[in-house]
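Hello,

Here is the structure I promised to pass on to you. Please have a look, and below it you will find my notes on what turned up.

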Amino acid sequence: AGCISLEPKPDPSRFFSLTPLPRTGQRAQDAAGANTLALGIGPIKFPGYLDRQQFVTRISQNRFAVAENDRWAEPLEENFSRVLSQNLSILLQTDRIVAYPWIRSQQPTYQVQVEVLRFEPNAEQIVELWGRWSIIEGTNKTVSVRETYLTRPTRDKSTEASVAALSETVADLSREIAGAIRNLEGGKRSSG
């Protein structure tokens, strides 16, 4: 007679998360209350095909592979928003960052909105971040609208290497947004 094992099988799932830029000691000290710039992050929008827990790889222009055992540790949209916020806090040396939606009394100096069009590795082990972003000053004055397309090669074929490269593209996007905000702030000082 055959035996049926009733012992639970180990869960093969592996969980991944994007990582922010490292916060160095000097930057952390400088950021502590040194800057009055207030940023509002969001809304951040992702395409529906990435609105899932499983990790997605673009196999061809119109085909995707979904890794059943490789999963995001939290919803990707939330992870992306949090890492973008942390990166901008470090790059702009401000701790005054609020996530969308915020209450009226927390109205930021600038609001950063991002529509992510692509955010995944492809079959050639290159990750892509393609998105449109805008900076809104005050309550409704759009002062910058841009489209960014970033790529990074992965170290190897692993999901871990892909997530590390995706984190690097978020850092690159954060640098672009921080540069645009610095330019806006510099323009205010020179005209004021």
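**Pocket, core and backbone**

The largest pocket has a volume of about 170 Å³. On a 1 Å grid over the protein atoms alone, a pocket is an open set of points where a 1.4 Å probe fits, with protein on both sides within 12 Å along at least five of seven lines, and lining residues have an atom within 4 Å of a point. Grid points are joined across faces, edges and corners, and the volume is the space filled by probe spheres set on them.

Before going further: this is a predicted model, in which local features need pLDDT of at least 70 and side-chain atom pairs count only at pLDDT 80 or more, while totals for chains, interfaces and linings use all residues. Residues are numbered from 1 along each chain as its sequence is written, and side-chain values use heavy atoms, with hydrogens and water left out.

Back to the pocket: 13 residues line it, and Thr 57, Pro 121, Asn 122, Lys 157 and Ser 162 lie nearest its centre. Strand E3 (54–60) and helix H3 (159–191) are the elements that give two or more residues to this lining. Helices (H or I, at least four residues) and strands (E, at least two) are DSSP runs, numbered from the N terminus.

The largest nonpolar core has 40 residues, of which Leu 18, Phe 80, Phe 119 and Ile 181 touch the most other members. Such a core is a set of buried Ala, Val, Leu, Ile, Met, Phe, Trp, Tyr and Cys residues joined through side-chain atoms within 4.5 Å; buried means under 20% relative accessible area, exposed over 50%, and partly exposed in between (1.4 Å probe, protein chains only). H3 gives the most to this core, with ten residues. Beyond four places in sequence, the contacts of Phe 119 (heavy atoms within 4.5 Å) include Leu 18, Phe 80 and Val 170.

The backbone has a few points for you to check. The peptide bonds from Gly 42 to Pro 43 and from Tyr 100 to Pro 101 are cis. Pro 43 is in strand E2. Gln 93 has a positive phi, near 50 degrees, and is partly exposed at 29% relative accessibility.

As for confidence, pLDDT (the predictor's confidence in each residue, from 0 to 100) averages 91 over the chain, and 90% of the residues score at least 70. Over residues 27–33 the pLDDT is below 50. Where pLDDT is low, the predicted coordinates should not be read in detail.

Best wishes
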